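My notes follow the structure.

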Amino acid sequence: MSKKSDSRGISLPILLRQMLCNRWVSLIPAVLFLLSLNVHAANDPNPQNQTIREVKGTVRDANGNGLPGANVVVKGTSIGTISASDGTYVLSDIPNDAVLVFSFIGMITQEEVVGDRTTIDVVLVEDRIGLEEVVAIGYGTQQKSQLSGSVTNLTEEDFNVGLMNNAADMLKGKVAGLVVTMEDGDITRDKTIRLRGVSSLTGSSSPFVVIDGVPGMDINSVAPQDIESISVLKDASASAIYGSRSASGVIMITTKKGRAGHTSVNYDGYATVDVVSNKPELLTAEQWRQYTAEKGWNVTSLDKGGNTDWFDEIMRKGYSQNHALSVSGGTEKGSYRGSLNYLGRQGIMKDNWINRYNALFTISQKAIKDKLLLSFTGGYSQSDYSQANASNSALAYQMIPVYPVRNEDGSLFQVSQNGVGNPVQNLEQNSDLYKSSQLFTNLKADLELFRGFTLGTNLFKQREALDHSLYNAINSPEGRGDNGFAYRGNEVWDKALLEVTAKYSREIGNNKFSLLGGYSWEENVWQSESAQNRGFLFDDFGYNNLGAGENLLSSDVYSSKSMTRLISFFGRLNYTMLNRYILTATVRRDGSSKFGDNNKWGTFPSASVAWRISEEPFMSNVGFVKDLKLRASYGIVGNQDGIAPYRSIALYGRSDEYWDNGRWNNSYRYSQNDNPNLQWEETASLNFGVDYYLLDDRLYGSVDYYSRQTRNLLYVYSVPVPPYLYPTILANVGDMSNKGIEAVINGEIIRKNDFRWTISVNIAHNKNLITRLSNDLYTTSSIPTGDIDLAGTTGLTSSIIEVGQEVGTFFGWRCLGLDENGKFIIDDIEPDGRINNLDRTYIGHPLPVLTYGISNTISYRGIDFNFFLNGVYGNDVLNNPRLAYSNTTWLPGINVLQDALTNGIKDSPTYSSYFIEDGSFLRLDNASLGYNFNFQNSLGINSCKLYFTVQNLFIITKYTGLDPEVNMSGLSPGVEETYYIPKARSFTLGLNVSF
């Protein structure tokens, strides 16, 4: 037991825990508690206090919900009561000078002087740093104070608010070392998520997602309004329980469940307006005409009398709405919750939109004298959406402003120039529609065979489908080359999961331990088919009659099917001695059908220890320290995402046709080398950390140092033919390291009964380095990446993967400035008087030195104000639009940036350090003002909150492009493309009502 007492209440800990888990307080504990109060009152040594009035009120949480089972006690006495199911309370015979103490498990205790008041309403704020907070850790939960690994847990109060597509939006900037990047303004595109750096060359570097204990789910499977908490498992000790899929960390999402008590109905809705935050500054029609006149050019064939801002023509204000309705409740024996969610969202690009429906239902029931707990979850999601056509952005850059959108007769203006076209014609005549659906069910059973020993079974089944329909009209810029193009495709993904676990927990004296053992079987089956055609006589059929096309090729019809299986055994030991010495040991053994014959099974062990120094006797007199814990961990985890099904075996594929016996026949040839040694990528992770809670919980946080060494990196290597039968092979060769430090500082600047101001700062530094790319069998000196689409060039790349450099290091010519004629001065590194590839060198680093987030929460009575800033420091960005359009050589037929008229460049576009810019920025990402109405349960309303949120309000940066927050995925991060889709600034008005 801890030596420190709990000052947040006076009731028995068992009763308080029961009240936390059961919003409807049962009669028996309540009666016992009240009887105990009367007994103490009868023995009060100060009976002379005179009572004068009745005091009543309501105890609510930060969201305005009534808190049942909250303690309301007269300070210094045992006079008190427990709040009712709606949070109301009544106390009789209370003196003027009395101080009421309000407490609830998980909340910060609050005191109120009675004075002349007869009604006292209070709002209890969650104790965000509660050491008894329960955290999801994978196949179980653990108290925060007992964690020995690096884990960050966020609850609903910590999430970002406003327009949220999925859990990634809610996490952005909230977790040290977790970088969530919005690559551009396409609202249907998933965010890039990176935890502690890049961890693979071919596989995914995104964290593994677990939802309600089901591994490998899509982060879009549940609506944001259904999420209760998110745990981020950072180090190998925390994530090794997921073995060969956890090298990039684990994100564990827990959805909301029903609670014992009265039925609760909740509505959460908002409306949002998106406006363009920034767009390219291209020449206007007036500037174009003035410049061409100054040059004396004859442009009568080009000037069609237009005055067009082409980006304005393809963009709009986006209007969005979200409506979420949930019903929940339960008894001591069971609970339920059902929810429906609708999101209708328009992007600022006219062809970018999404309509999404989510449904989630959970029910749990106890049986067999509460020894058996049955839980069922069913979920369904359906989305219809259209991605933004990035080529329209490229066309908007190129089309000169004197072209009109339409001819005088109302028809769309067309350009015969290759590579240039009217983007409005693409918008109005072409279509690109996606339809996706997902249905999943999950049945869990936990049976307590005897005290402390529980057997569990988890059955999960999921089907996900995607339909894609595309048509490019005959005369549109995208379809005219094919005389119309149509495509239909369909994909289906089936997932089945069976897991069996056994858990045993026991406490012997001052020693606590728990054991976990489990078996997991998972199968994933993918199948797809597609067909396409071209050469249509008219556009009327669109993509609904592929047979109407007249130019079907042999490769236009395609189908496939693949399957993978993963079988695993896992175990974990948690041990605590004297509440201050903590040990966790984990091991998982994975067998995957993806691996080669010589490496079918992999073992992933980890161990961590922690020392709660604050629980030592010599710390008993150090009053300003509530908790101080040192942590250390080491483990090995894996990544198999870089291995597609059947990559370890030899494959044959269709080749050329040959003539035989009066007809053409298909031939087949070797299409993939076998590799029996193919295996997972392996990351060895070392972590040291410290958690601290100081100054009566007003200052708390953590500091972590980590070193992650990844070996057996997967990459496709060139091999000689013969002896190989195919010129490339997927092999495990390279090594990579990520080292860094993370710090989190949380502080309560002001803590008063009706006014609070808290601030949270997280900052992280990561250094990525490639340490090996070759071995005795497979070699490469470097890997060029990042194709640059620049007219007049072929094979030009922006970045390089090379030993001694970080992933995606910019590699090109170093520019020393401009000469007197406006030509680029390129550094002749090989002093031979010529500028060629031998003169290319390292010219920039796209990965940031620091990432950080700053959150502020200010609350005053019913008003709360939150704002959140995030940023990066020390990274470079390639400004591709400036490279392509910041010179006048394209005029008059192609438009350019306004900067081209003043920057002095008189040279053809040349990729060099001249266009590598500082990408550091600070963004006010989210600001929200809310008001909680106090209806005192009138009209059946328990709580009501109205809020207004602004997202992406401003950004501070030296970067001259549209936005320094660009694509950070793949092997060529940090590039703003010429087809970049501008981002939006969002204004949201929302309402949350609970009945």
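I began with the second largest cavity, whose lining comprises seven nonpolar, eight polar and 10 charged residues, where Ala, Val, Leu, Ile, Met, Phe, Trp, Tyr, Cys and Pro count as nonpolar, Asp, Glu, Lys and Arg as charged, and the others, Gly among them, as polar. I note that this is a predicted model, in which local features need pLDDT of at least 70 and side-chain atom pairs count only at pLDDT 80 or more, while totals for chains, interfaces and linings use all residues. Residues are numbered from 1 along each chain as its sequence is written, and side-chain values use heavy atoms, with hydrogens and water left out.

A cavity here is a set of points, on a 1 Å grid over the protein atoms alone, where a 1.4 Å probe fits but cannot get out, and lining residues have an atom within 4 Å of a point. The volume of the second largest cavity is about 380 Å³, and among its 25 lining residues I found Asp 169, Met 182, Lys 191, Arg 345 and Gln 951 nearest the centre. Strand S46 (921-933) gives the most to this lining, with three residues; strands are DSSP runs (E, at least two residues) numbered from the N terminus.

I then turned to the largest cavity, with a volume of about 560 Å³. Of its 37 lining residues, Val 179, Thr 181, Pro 848, Thr 851 and Val 872 are the closest to its centre. Strand S35 (755-772) supplies the largest share of that lining, six residues, and by class I recorded 18 nonpolar, 13 polar and six charged residues.

Definitions and conventions:
1 Å grid on protein atoms, 1.4 Å probe; cavity = no way out; pocket = protein on both sides within 12 Å on 5 of 7 lines; lining within 4 Å. Points joined across faces, edges and corners; volume = space filled by probe spheres on them. Helix = DSSP H or I, 4+ residues; strand = E, 2+ residues; numbered from the N terminus.
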